Amino acid sequence: MTDGAGNSAGLFGSGLGSSGRPEDVQLLDTTLRDGEQAPGVSLTPEEKARIARALDDAGVDVIEAGSAVTGPGERETISRVTDLDLDATVTSFARGVENDIDLAMDCGVDGINLVVPASDKHIEDKIGTTHAENVAQTVELVEYARDHGLWVEVIGEDGSRADLDYLEELLGAALEAGADRVCYADTVGHATPDRTIEAVSRLAALGPTSTHTHDDLGLAVTNVMASLAAGADLVHGTINGVGERAGNVALEEVAIALDHGYGIETMDLTKVYDLAQLIASKTGIPLAPNKAVVGENAFTHESGIHTDGTLKDESMYEPYPPEKVGRERRLALGKHAGRAGVEATLNEHGIDVEEDELREIVARVKEIGERGKRVTDADLLTIAEDVQGRERERRVELLDLTAVSGSDVPTASIRLDVDGEVREEAATGTGPVDAAMQAAEAALSHTADAQLESYHVDAITGGHDAVVTVEVEMSRGDDHVTVTASEADITRASIEAMVDAMDRLVAGEDTVIADD
Ligand SMILES: CC(=O)SCCNC(=O)CCNC(=O)[C@H](O)C(C)(C)COP(=O)(O)OP(=O)(O)OC[C@H]1O[C@@H](n2cnc3c(N)ncnc32)[C@H](O)[C@@H]1OP(=O)(O)O
């Protein structure tokens with residue numbers, strides 16, 4: 001059976017959604033626990049609460065809010081999440097220690113992810129116990145947690161390297177003791193899909209089974225799919241795949257793979273891009289541009305053949321439409337550009353060109369691209385003006401800029417020429433760039449209603465005297481424009497780019513930019 005686009009509905013010869021395999025897959029998000037274990041990441045209570053609410057809005061089934069045993073700060077944070085009264089089940093990580101369960105309960109959680117050692121290494125060398133004692137202790141703790149009304153998932157830590165007979169004995173005992181479910185954990189991201197199928201199918205025969213995978217071999221998503229094919233029905237993961245070492249499986253990748261490949265709905269996919277950006281900004285771990293689903297380039301087409309094909313049929317070079325995951329398609333220009341893409345971009349800016357002009361513009365775009373530079377809208381428009389012999393009539397020009405930062409509040413003042421009228425404004429901000437941006441926005445008047453969509457800084461040369469390039473993307477209504485400016489002074493480069501973008505956005509309009 002195929003999905004109409006050639007994907008087989010069977011997975012690893014078995015088949016998700018076929019008899020005996022789960023059609024209803026649940027997601028457990030551990031961004032706030034395993035994700036926060038990524039080196040250097042520490043989320044404030046406010047941040048965790050905001051993330052938890054966003055995860056809940058997106059329809060995640062279980063939120064592991066942290067490890068209560070970590071300390072009082074973490075407990076306050078978990079309590080903030082439990083106070084939100086979310087639809088999702090909220091849990092805390094707990095070691096195989098009664099006190100960890102007590103501390104989790106103090107935070108008001110609905111349940112615990114009870115982690116007990118499963119491999120010889122973890123039982124003997126880490127905990128220093130025996131296999132039999134470990135089973136007995138696990139049973140005791142499950143009974144204790146269940147007696148206190150908790151939802152209990154027992155995770156066999158390092159399960160992928162455990163003896164599978166023992167893993168079955170340990171987690172089977174946990175289920176018999178009343179655990180709601182057990183979890184196969186590929187704690188160090190070591191397993192192959194074959195190993196995963198072997199282990200998970202044995203556990204799934206015992207009772208409800210979750211899967212927890214890491215990406216050390218780049219197999220995290222594959223191993224989730226293998227787990228589901230083997231009978232698991234709940235997936236642990238984190239947004240953007242943040243987590244220990246190479247990270248956990250990225251939940252948004254699992255969600256789209258299940259939806260696209262197997263028609264299995266898990267979370268509200270239209271929310272994943274906002275979630276991804278929230279997590280990137282709060283963890284300080286940026287998204288790789290080529291990251292699946294949420295990377296900047298995931299729906300951007302630069303090469304001529306792809307751009308041309310996309311303009312003829314939007315699905316030509318995309319597996320699924322960007323809107324499905326809350327995104328928009330973008331066409332970019334560079335070394336690989338072709339006529340179709342360049343003409344479409346010019347048309348977007350209201351510019352029509354003759355065939356010979358287009359040929360010349362494409363050649364110049366490629367020239368800039370070959371120098372390894374991104375070709376912005378402003379570059380393209382400047383080339384087009386030159387090729388068509390048009391004079392650019394500027395409506396907005398930077399006359400003067402002063403920015404002061406030091407021990408006091410950063411302040412900036414700006415003088416602009418707007419439609420022949422000199423406007424002066426001053427503002428304060430979190431830093432000199434912010435202050436200058438605020439002053440420029442005020443001078444351009446808020447009625448101009450332009451939005452700063454993105455702002456990137458690159459140091460072209462190394463060292464403290466580096467020239468920086470600032471790239472901004474601004475929008476006004478449906479119009480978008482990208483502009484770069486390079487200067488030794490980052491504040492000046494930022495303002496030049498912003499003012500230039502604004503000028504491009506209002507070019508050709510009759511309306512006056514009102515002074516409010
Ligand atoms: C698979 C995972 O992601 S594991 C989750 C990792 N998360 C964390 O570590 C949460 C943050 N950790 C912490 O705040 C601290 O490590 C604490 C509070 C848990 C413990 O701190 P300390 O008492 O100082 O112990 P320390 O961190 O040095 O060592 C960990 C202890 O936990 C024990 N432990 C580890 N895993 C387990 C387990 N599954 N069940 C029971 N005990 C465990 C270790 O044996 C060790 O105990 P020991 O000191 O008696 O040998």
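Which of the 15 residues around the ligand come nearest? They are Arg33, Arg95, Gly96, Val115 and Lys126, where a residue belongs to the surroundings if one of its heavy atoms lies within 4 Å of the molecule. The model is predicted, so that local features need pLDDT of at least 70 and side-chain atom pairs count only at pLDDT 80 or more, while totals for chains, interfaces and linings use all residues. Residues are numbered from 1 along each chain as its sequence is written, and side-chain values use heavy atoms, with hydrogens and water left out.

**Ligand contacts**

- Polar contacts (pairs of N or O atoms within 3.5 Å) include one between an oxygen atom of the ligand and a side-chain N or O atom of Arg95, at 2.8 Å.
- A nitrogen atom of the ligand lies 2.8 Å from a backbone N or O atom of Val115, and a polar side-chain atom of Lys126 is 3.0 Å from a nitrogen atom of the ligand.
- The protein buries 52% of the 1,000 Å² that the ligand exposes when taken alone, with accessible areas from the Shrake-Rupley method and a 1.4 Å probe.

**Ligand shell**

- At least two shell residues come from each of β3 (89-95), β4 (111-117) and α4 (120-127), and β4 gives the largest share, three residues; helices (H or I, at least four residues) and strands (E, at least two) are DSSP runs numbered from the N terminus.
- By class, the shell holds seven nonpolar, four polar and four charged residues, with Gly counted among the polar ones and Asp, Glu, Lys and Arg as charged.

**Helix packing**

- Helix α1 (residues 45-57) packs against helix α2 (residues 72-83) at an angle of about 30 degrees, with axes 9 Å apart, the axes being lines fitted to C-alpha atoms over the stretch in contact and angles running from 0 to 180 degrees between N-to-C directions.
- In this contact (heavy atoms within 4.5 Å), Pro45, Glu46, Lys48, Ala49 and Ala52 of α1 meet Glu74, Glu76, Thr77, Arg80 and Val81 of α2.
- The contact of α1 with α2 has four nonpolar, one polar and five charged residues.

Notes: Polar contact = N/O pair within 3.5 Å; in protein donor to acceptor, adjacent residues only side chain to side chain.
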